[in-house]
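Here is a short briefing on one protein chain. Please look over the sequence and the model before reading on.

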Amino acid sequence: QVQLAESGGGLVQAGGSLRLSCAFSGRTFSNYALGWFRQAPGKERELVATVNWSGSSTYYADSVKGRFTISRDNDKNTVYLQMNSLKAEDTAVYYCAAGDEVTTPDDFDSWGQGTQVTVSS
(Lines give C-alpha, C1' and ligand atoms only; values in the text may rest on other atoms or scores of the structure.)
Protein backbone atom coordinates (compact mmCIF):
# COMPACT_ATOMS: atom_id res chain seq x y z
CA GLN A 1 0.00 0.00 0.00
CA VAL A 2 1.07 3.55 -0.70
CA GLN A 3 2.53 5.58 2.15
CA LEU A 4 3.02 9.32 1.95
CA ALA A 5 4.91 11.54 4.38
CA GLU A 6 4.85 15.33 4.07
CA SER A 7 7.46 17.69 5.47
CA GLY A 8 8.50 21.30 5.15
CA GLY A 9 5.57 23.14 6.67
CA GLY A 10 6.00 25.93 9.16
CA LEU A 11 5.42 29.58 9.97
CA VAL A 12 6.37 32.19 7.39
CA GLN A 13 5.67 35.87 6.89
CA ALA A 14 3.45 37.04 4.06
CA GLY A 15 5.48 37.33 0.88
CA GLY A 16 7.82 34.57 1.93
CA SER A 17 8.42 31.10 0.54
CA LEU A 18 8.24 27.50 1.67
CA ARG A 19 8.92 24.20 -0.06
CA LEU A 20 6.87 21.19 0.91
CA SER A 21 8.12 17.68 0.25
CA CYS A 22 6.25 14.40 0.18
CA ALA A 23 8.08 11.09 0.32
CA PHE A 24 6.30 8.20 -1.40
CA SER A 25 6.79 4.51 -0.62
CA GLY A 26 5.10 1.16 -0.95
CA ARG A 27 4.44 1.06 -4.69
CA THR A 28 6.09 2.14 -7.96
CA PHE A 29 6.21 5.92 -7.76
CA SER A 30 6.21 6.53 -11.50
CA ASN A 31 2.86 4.74 -11.85
CA TYR A 32 1.11 7.40 -9.80
CA ALA A 33 -0.22 10.88 -10.29
CA LEU A 34 0.44 13.12 -7.30
CA GLY A 35 -1.44 16.05 -5.88
CA TRP A 36 -1.38 18.63 -3.12
CA PHE A 37 -4.56 19.57 -1.32
CA ARG A 38 -5.14 21.95 1.58
CA GLN A 39 -7.73 22.49 4.24
CA ALA A 40 -8.10 25.69 6.21
CA PRO A 41 -10.01 25.80 9.52
CA GLY A 42 -13.75 25.75 8.92
CA LYS A 43 -13.34 25.20 5.20
CA GLU A 44 -13.58 22.23 2.88
CA ARG A 45 -10.49 20.57 1.52
CA GLU A 46 -9.45 22.05 -1.80
CA LEU A 47 -7.19 20.91 -4.59
CA VAL A 48 -4.05 23.01 -4.94
CA ALA A 49 -1.99 21.33 -7.66
CA THR A 50 -1.44 18.04 -9.45
CA VAL A 51 1.29 16.45 -11.53
CA ASN A 52 1.00 13.43 -13.80
CA TRP A 53 3.19 10.32 -13.61
CA SER A 54 5.98 11.75 -15.76
CA GLY A 55 5.88 15.35 -14.62
CA SER A 56 4.94 16.54 -18.10
CA SER A 57 1.47 17.76 -17.14
CA THR A 58 0.49 19.93 -14.20
CA TYR A 59 -2.64 21.62 -12.91
CA TYR A 60 -3.01 24.54 -10.52
CA ALA A 61 -5.94 26.07 -8.74
CA ASP A 62 -6.53 29.66 -9.83
CA SER A 63 -5.76 30.86 -6.31
CA VAL A 64 -2.15 29.63 -6.49
CA LYS A 65 -1.38 29.89 -10.21
CA GLY A 66 1.84 31.82 -10.80
CA ARG A 67 2.93 31.48 -7.15
CA PHE A 68 3.12 27.72 -6.53
CA THR A 69 5.01 25.08 -8.50
CA ILE A 70 4.51 21.34 -8.23
CA SER A 71 7.27 19.01 -9.32
CA ARG A 72 8.35 15.41 -8.87
CA ASP A 73 11.60 13.51 -8.78
CA ASN A 74 11.01 9.95 -9.92
CA ASP A 75 14.50 8.93 -8.80
CA LYS A 76 13.88 10.12 -5.24
CA ASN A 77 10.20 9.08 -5.07
CA THR A 78 9.35 12.57 -3.92
CA VAL A 79 6.90 15.27 -4.95
CA TYR A 80 7.42 18.91 -4.08
CA LEU A 81 5.33 22.04 -3.77
CA GLN A 82 7.30 25.25 -4.03
CA MET A 83 5.23 28.06 -2.59
CA ASN A 84 6.26 31.67 -3.25
CA SER A 85 4.63 35.01 -2.50
CA LEU A 86 2.67 33.41 0.29
CA LYS A 87 -0.47 35.09 1.54
CA ALA A 88 -2.36 34.82 4.81
CA GLU A 89 -5.12 32.98 2.94
CA ASP A 90 -2.66 30.19 2.11
CA THR A 91 -2.70 29.19 5.77
CA ALA A 92 -3.92 25.59 5.96
CA VAL A 93 -2.95 22.00 6.54
CA TYR A 94 -1.42 20.77 3.29
CA TYR A 95 -1.87 17.15 2.27
CA CYS A 96 -0.05 15.08 -0.29
CA ALA A 97 -2.16 12.59 -2.26
CA ALA A 98 -1.55 9.85 -4.83
CA GLY A 99 -3.64 7.91 -7.29
CA ASP A 100 -2.83 5.42 -10.02
CA GLU A 101 -5.75 6.25 -12.29
CA VAL A 102 -6.58 9.89 -11.81
CA THR A 103 -9.04 11.74 -13.99
CA THR A 104 -10.74 13.81 -11.27
CA PRO A 105 -9.64 15.01 -7.81
CA ASP A 106 -11.85 12.33 -6.25
CA ASP A 107 -9.59 9.65 -7.78
CA PHE A 108 -6.75 10.39 -5.36
CA ASP A 109 -7.05 7.57 -2.85
CA SER A 110 -3.86 7.62 -0.76
CA TRP A 111 -3.14 10.44 1.65
CA GLY A 112 -0.40 11.74 3.87
CA GLN A 113 -0.91 12.96 7.41
CA GLY A 114 -0.63 16.62 6.47
CA THR A 115 1.74 19.46 7.32
CA GLN A 116 0.72 22.83 8.74
CA VAL A 117 1.52 26.00 6.83
CA THR A 118 0.88 29.26 8.63
CA VAL A 119 1.38 32.60 6.91
CA SER A 120 1.46 35.64 9.17
CA SER A 121 0.33 38.98 7.76
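Predicted model: local features only at pLDDT ≥ 70, side-chain atom pairs only at ≥ 80, totals over all residues.

Residues are numbered from 1 along each chain as its sequence is written, and side-chain values use heavy atoms, with hydrogens and water left out.

**Fold**
- The protein chain has zero helices and 11 strands, where helices (H or I, at least four residues) and strands (E, at least two) are DSSP runs numbered from the N terminus.
- The C-alpha trace spans about 40 × 30 × 25 Å along its principal axes.

**Surface and charges**
- Of the 121 residues, 43% are buried (under 20% relative accessible area, 1.4 Å probe, protein chains only).
- The mean positions of the 10 positive and 13 negative charges lie 7 Å apart, with Lys and Arg counted as positive, Asp and Glu as negative, and His and the chain ends not counted; the charges are placed at NZ of Lys, CZ of Arg, CG of Asp or CD of Glu.

**Val-48**
- Val-48 belongs to strand E5 (residues 46–51) and counts as buried because its relative accessibility is 0%.
- Leaving aside residues up to four places away in sequence, Val-48 touches residues including Trp-36, Tyr-59, Phe-68, Leu-81 and Tyr-94 (heavy atoms within 4.5 Å).
- Phe-68 is 20 residues from Val-48 along the chain, and their C-alpha atoms are separated by 8.7 Å.

Technical notes. Buried < 20%, exposed > 50% of the residue type's maximum accessible area, 1.4 Å probe, protein only.
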